[in-house]
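Below is a short briefing on one protein chain. It covers a sheet and a helix, grouped by topic.

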Amino acid sequence: MYQVIARKYRPQTFQEVIGQAHVKRTLRNAISQDRLAHAYIFSGPRGTGKTTTARILAMALNCENGPTQDPDPSTPVCLEIAAGSALDVIEIDAASNRGIDSMRQLRESVQFRPVRDRYKVFIIDEAHQITPDAFNALLKTLEEPPEWMVFVLCTTEPQAIPATILSRCQHFAFQAVRLDDLVAHLRRICESEGVTAEEGALTALALAGDGSVRDALSTLDQAIAAFGQRLEAGPVRDLLGAIPSESAGRILGAIRDADHASMLGVVDELFQEGRHPQHFCGELARHFRNLLVMKLAGTDTRLVSAGAREREAASAWIEQFSEDDLTRFLNLLLALYTDLQDCTHQRFRLEVGLLKLVHAGRLAPIEEILGGLGNKPVAAPARAQTGPKPAPTASPARPKPAAAPEKPARSGLREQLVDQISESGNKSMVEALRASSVTLEGGTLRLRVRHDFLPIVRLQRPVLDAAALAVTGKMVSVRFETDGEPAGGGAHPEVAPNAARARAEANPAVQAITRQFPGRVGEVVDLRGKGS
């Protein structure tokens with residue numbers, strides 16, 4: 001029967017364990033110095049060697065030549081332990097034996113000496129699944145163990161182990177295996193299996209393992225089953241659903257060039273190829289995280305799990321985006337990943353989320369805008385001006401500077417506003433204007449409205465503001481009047497008294513801000529008080 005690669009190449013000595021140098025060194029020294037503890041906790045991510053190391057520890061203690069740092073895997077005792085058939089090495093799956101009755105049986109078994117070997121070793125896998133009552137039943141045994149007993153508790157959730165248990169054990173934290181070590185391990189196995197693998201394929205398999213040796217070997221088995229004795233980078237990435245560097249480059253280019261169509265094309269290809277949207281989003285978030293870390297710590301940093309090809313491609317992009325840009329993109333992608341978790345219209349959500357990246361790439365830092373106040377309008381970020389497509393304008397033409405000569409009040413102003421609004425097909429606003437009189441006095445557009453049309457013009461105030469800007473060429477305040485008096489017995493709630501507004505609009509700082517942010521001053525509060 002075929003034996004999967006993960007089992008076939010399971011380490012049989014401390015030296016064969018990938019990574020975990022701190023664990024191997026401490027255990028080997030403890031054996032050589034005869035300072036063996038009676039209970040250990042091995043914690044860490046899945047597939048990093050916790051149970052395997054526990055078995056090797058049992059071999060080292062019970063080997064015919066031991067206790068020894070370097071057990072001989074070919075001896076009968078070690079072969080039995082590796083096969084899981086040794087009478088004095090008991091492996092317990094706490095996921096299915098988690099209750100108090102199971103722990104009581106274990107406690108009774110501890111009282112009997114080993115059948116043949118020096119030590120009776122209990123390896124409890126998934127130890128965090130043990131119930132509180134079962135832990136309490138085990139507590140006394142761990143506190144006063146027989147001299148021939150060694151416990152090893154393996155877990156991925158050490159925080160779930162009670163403090164009373166933790167305090168009676170030596171705790172070893174296993175770490176995720178480094179990408180370089182994992183790639184080298186996969187390369188050795190491929191050579192042993194007679195498989196020719198491109199470096200990009202090995203890197204993709206190692207990244208899919210995410211620091212887990214077992215997961216990486218399982219994906220290697222899958223890739224060999226799919227493609228035979230030759231593994232090429234492209235097909236392996238497609239098999240694993242990884243983002244090709246070309247797709248990542250297209251996404252980054254679409255952000256840089258504000259190219260909405262290209263970004264939507266990426267989404268279309270994604271669904272044409274049958275990729276999972278959330279997995280794609282997670283991979284893209286990892287890519288942007290790598291860009292951000294390399295931007296901060298350099299392209300050769302150990303903090304990034306990436307192959308040489310990906311690092312080389314990243315070096316060409318990180319200079320085109322600032323740290324704030326990359327942080328903003330990463331936050332948007334993390335929010336999109338969460339949004340895709342349970343939503344129904346995944347394509348629509350993904351399209352909107354990626355288009356947000358395009359718009360976020362066109363934002364100028366607020367510091368640049370504020371720094372340009374009083375001088376000249378701040379140009380759009382350089383990245384939005386590079387590439388084949390210029391960034392589209394986000395608003396109508398900017399108003400003229402406040403220092404420009406003011407256009408005098410004139411006849412036909414109402415007709416010009418009507419023509420401007422008619423182009424948008426807003427019939428209700430056109431009808432309201434035709435039943436009103438319009439005058440322009442200084443920076444104030446006075447609109448005497450028939451009482452029944454007043455709710456219409458108030459609700460559609462932005463439409464009137466935009467039309468007034470297009471007709472007069474400057475920002476103006478709008479004042480509604482009806483029946484000879486201001487609506488509501490005074491100024492419209494959105495319009496401040498004329499004196500305070502005039503002072504505000506004449507302020508150079510206010511004028512500079514309105515040049516940078518087209519719109520209108522909605523409310524003016526006179527903090528100086530009346531009569532000042």
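Predicted model: local features only at pLDDT ≥ 70, side-chain atom pairs only at ≥ 80, totals over all residues.

Which residue follows helix 10, and is its phi positive or negative? The residue is Gly-228, with a positive phi near 80°.

**Helix 10**
- Helix 10 covers residues 213–227, which makes 15 residues.
- Buried residues in helix 10 include Val-213, Asp-215, Ala-216, Leu-217 and Thr-219.
- Further along the helix, Leu-220, Asp-221, Ala-223 and Ile-224 are also buried.
- In an α-helix there are 3.6 residues a turn, so residues three or four places apart point the same way.
- The cover over the buried residues of helix 10 includes helix 1 (5–8), helix 8 (179–193) and helix 9 (199–209).
- Strand 7 (230–231) and helix 11 (233–240) are also among the elements that cover these buried residues.

- An open sheet is built from five strands in the order 2-3-4-1-5, with parallel pairing.
- Strand 2 (89–93) and strand 5 (170–173) are the edge strands, each pairing on one side only.
- On average, neighbouring strands of this sheet are turned by 15° against each other, direction ignored.

**Strands 1 and 5, and helix 2**
- Strand 1 (residues 39–43) and strand 5 run parallel and are joined by four bridges.
- Ser-43 has Ala-173 of strand 5 as its bridge partner.
- Helix 2 (residues 21–32) packs on the sheet and touches strand 1 and strand 5.
- The direction of helix 2 makes about 150° with that of strand 5.

Note on methods
Residues numbered from 1 in each chain as written. Heavy atoms only, no water. Helix = DSSP H or I, 4+ residues; strand = E, 2+ residues; numbered from the N terminus. Expected span 1.5 Å × (residues − 1). Buried < 20%, exposed > 50% of the residue type's maximum accessible area, 1.4 Å probe, protein only. Contact = heavy atoms within 4.5 Å. Pairing = 2+ DSSP bridges. Axes fitted to C-alpha atoms, helices over the stretch in contact; angles between N-to-C directions.
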